[in-house]
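Subject: Structure handover

Dear colleague,

Please find the structure for your review below.

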Amino acid sequence: MADNGTAAAETDAPTSALIRELLSFKELRPCDEEACRVFFGRLDVCDIRMRFASLHFSMRLFLPSPRGIAFAALDAAEEIVGVANLVHLDRHIAEIALIVRSDRQRRGIGRQLLAQALRWAGDQGFSHLLGYVLRENQRMRALARTMGFRSVGTDGLLIEMRCPISRTTGKERG
Ligand SMILES: CC(C)(COP(=O)(O)OP(=O)(O)OC[C@H]1O[C@@H](n2cnc3c(N)ncnc32)[C@H](O)[C@@H]1OP(=O)(O)O)[C@@H](O)C(=O)NCCC(=O)NCCS
């Protein structure tokens, strides 16, 4: 796996199957800006680059866009520990991108967030979820593969990964 510089990535940490955080999910609203700001403050630069393929971004990008929805995963203290953004590309396909707080990775949060996104997309009637992942982002590529995503193309830098979804997809894989 590519190293992103975080402690979790560098150690032989137990897999998310062994440490699984108990989470709840909520849809983010513009009024959640302050909680998003706190979450953003807990992200490593390397994780931000993996998520946005850039270091230039505003934490407002975590909030829902007019064509999309954003979910937060909350821990027992109701702090945001992960955010998934979904954008409708057309009636059939939605694009997903996610990020987990840097100090809480490898505990199953990313997998649960993705399962939640798949459930939501299935409920909304989308046929596919699509994500663009940096080629070097082996962690996300591994997670996506285990959740049913397959690589369908690349421009050299980014790999396009797609997952067919059904109404039961997220339930099967979460
Ligand atoms: C990719 C990311 C979302 C994974 O979140 P996470 O909460 O750490 O993932 P999980 O604990 O649910 O792990 C799920 C699977 O991902 C893979 N994975 C995650 N971290 C890994 C690591 N450091 N090394 C190898 N595989 C890893 C494994 O397949 C893992 O399953 P396993 O634990 O059963 O082996 C997280 O690392 C992250 O936020 N990265 C920065 C932002 C980013 O890359 N976003 C994707 C942009 S599209």
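This is a predicted model: local features need pLDDT of at least 70, side-chain atom pairs count only at pLDDT 80 or more; totals for chains, interfaces and linings use all residues.

Residues are numbered from 1 along each chain as its sequence is written.

**Sheet.** Helices (H or I, at least four residues) and strands (E, at least two) are DSSP runs, numbered from the N terminus. An open sheet of mixed pairing is formed by seven strands, ordered β1-β2-β3-β4-β5-β7-β6. Its edge strands, each pairing on one side only, are β1 (24-27) and β6 (150-154). From one strand to the next, the twist averages 30 degrees. Two strands are taken to pair if DSSP finds at least two bridges between them. Four bridges join β1 and β2 in the antiparallel sense, and Ser24 has Leu74 in β2 as its bridge partner.

**Helices.** Helix α5 (residues 138-146) lies across β5 (128-134) and β7 (158-164), and runs at about 160 degrees to β5. Axes here are lines fitted to C-alpha atoms, for helices over the stretch in contact, and angles run from 0 to 180 degrees between N-to-C directions. Two residues are in contact if their C-beta atoms, placed from the backbone, lie within 7 Å.

Helix α4 (residues 109-124) comprises 16 residues and reaches 22 Å from its first C-alpha to its last, close to the 22 Å expected at 1.5 Å a residue; the expected span is 1.5 Å times one less than the number of residues. Its buried residues include Leu113, Leu114, Leu118 and Trp120. A residue is buried if 20 or more other C-beta atoms lie within 10 Å of its own, exposed if 12 or fewer, and partly exposed in between, with C-beta atoms placed from the backbone. Just after α4, Gly125 adopts a positive phi of about 90 degrees.

**Loop residues.** Glu78, in the loop between β2 (68-74) and β3 (80-88), has a positive phi near 65 degrees although the residue is not glycine. Glu78 counts as exposed because it has 10 C-beta neighbours inside 10 Å. Arg106, in the loop between β4 (93-100) and α4, likewise has a positive phi, near 65 degrees. Arg106 is partly exposed, since 19 other C-beta atoms lie within 10 Å.

Pro64 is located in the loop between α3 (45-52) and β2. Beyond its neighbours within four places in sequence, Pro64 is in contact with Leu28, Ile69 and Ala70.

Yours sincerely
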